[in-house]
Amino acid sequence: EGAKIDVLGLIFSPLAAARATLSERQKELGSLILDIGGKTSGLAVFEEGSVIHAAVLPVGSAQVTGDLAIAFRVPIDEAEKIKINYGTCLPEEIPKKETIKISGPVSGEDKKTAPPPAGGGGKKGENSGGGADRENLVLSRRQIAEIVQARACDIFELTNKELKKINRTKLLPAGVIISGGGAKLAGIVDLAKSETHLPAEIGFPFEIDGIFDKFGDPAFSVLTGLLLWGADEETREGHGGIYSGFKNLSSSSFVNFAKKILKILVP
C-alpha cells in the first residue's frame with residue numbers, strides 16, 4: 001500500500017510457494033511443500049490434488065544466522081556471510097581440521113570477549129581476546145556445519161510432528177519439496193531425506209519465462225506464486241471474489257505490473 005499498490009487479498013505463503021513449484025502430479029500423488037523463510041517455515045501437505053494439512057513452524061534460516069553469531073561472537077552480518085559461504089547441513093562431509101579465516105574490527109565489549117582462534121595459540125598480532133582487531137580469526141568449518149545442521153534438524157523434527165498428526169509419516173510418494181531462502185543451505189536435500197525418510201528436492205519456480213528467468217530461484221517461490229495466483233484469478237470468468245480487480249488487467253498489463261513489483265523487491 002505504501003508503494004501505491006492495492007492489496008487484493010491474502011494468500012498463505014506455502015500455498016503461494018506450491019503454486020510456483022509443485023506440479024499437478026506431485027499434488028495428486030502426495031507431497032509436502034516446505035517453505036523455509038527467515039523467522040518461520042511454512043508447510044502444506046497435498047494429496048489427490050488438494051491441501052489436507054498446513055502449518056507454520058517457529059523456526060527459520062535466521063535462527064541459523066543467530067546461532068552462528070552467538071557461537072563465534074561475530075556481528076550478525078558476518079554470521080550471515082559465514083552461513084552462506086561456508087555453511088552446510090552435512091558436517092560429516094567436512095574434514096575435522098578444515099578451517100576458515102575471517103577478518104573485521106571488534107569494538108566495545110567484543111574486544112574483551114572475542115574467542116581465540118580455533119585450536120588455541122595463534123601468531124603474534126592475531127586476535128587473542130585481548131582487544132586487538134579480529135584479524136584472521138580462525139573458525140572450524142566442521143563446527144559451523146554442526147550448528148547449521150542442528151537448527152535444520154529442528155525444522156525437520158517439527159515437520160515430522162505435523163506429518164504424524166495426519167498419519168502421513170513416510171507416506172508421501174512425491175516427497176518433500178523445499179523452497180524459500182533456506183532451501184539454498186548446502187546439503188539440505190540430503191538432510192531432508194535422512195530426517196523425513198521421504199524423497200526430497202529443491203522447489204524451483206516454473207511456468208515463467210522472459211524477464212522472470214532470473215527469478216527462477218527458490219527464494220522467490222512465494223513471490224512468483226503470488227503473481228501466478230493473481231494471473232490465475234484474472235483468467236477465471238465471472239469471478240467476483242477478492243481478486244476481481246485482476247479482471248481489469250490484460251495479460252500485457254499484468255506482466256508490466258509484475259515487472260514493477262519485481263524491480264521494487266529485487267536490487
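Q: What makes up the accessible surface of the protein, and how big is the total?
A: The accessible surface comes to about 14100 Å², and 52% of that belongs to carbon and sulfur atoms. Accessible areas here come from the Shrake-Rupley method with a 1.4 Å probe. Keep in mind that this is a predicted model, where local features need pLDDT of at least 70 and side-chain atom pairs count only at pLDDT 80 or more, while totals for chains, interfaces and linings use all residues. Residues are numbered from 1 along each chain as its sequence is written, and side-chain values use heavy atoms, with hydrogens and water left out.

Q: What share of the 267 residues counts as buried?
A: That's 43% of them, where buried means under 20% relative accessible area (1.4 Å probe, protein chains only).

Q: Why is α3 called roughly perpendicular to α4?
A: Helix α3 (residues 61-72) and helix α4 (residues 76-86) pack at about 110°, with their axes 8 Å apart. Angles of 65 to 115 degrees count as roughly perpendicular, so α3 is roughly perpendicular to α4.

Q: Which residues of α3 and α4 meet?
A: On the α3 side you have Ser61, Val64, Thr65, Gly66, Leu68 and Ala69, and they meet Ile76, Ala79, Glu80, Ile82 and Lys83 in α4; contact means heavy atoms within 4.5 Å. The residues of this contact divide into 6 nonpolar, 3 polar and 2 charged.

Q: Where is Val189, and what does Val189 touch beyond four places away in sequence?
A: Val189 is found in helix α7 (residues 188-196). Not counting residues up to four places away, Val189 touches Ala200, Glu201 and Ile202.

Technical notes:
Axes are lines fitted to C-alpha atoms, for helices over the stretch in contact, and angles run from 0 to 180 degrees between N-to-C directions. Helices (H or I, at least four residues) and strands (E, at least two) are DSSP runs, numbered from the N terminus. Angles under 35 degrees count as roughly parallel, over 145 as roughly antiparallel, 65 to 115 as roughly perpendicular and the rest as oblique. Ala, Val, Leu, Ile, Met, Phe, Trp, Tyr, Cys and Pro count as nonpolar, Asp, Glu, Lys and Arg as charged, and the others, Gly among them, as polar. Buried means under 20% relative accessible area, exposed over 50%, partly exposed in between (1.4 Å probe, protein chains only).
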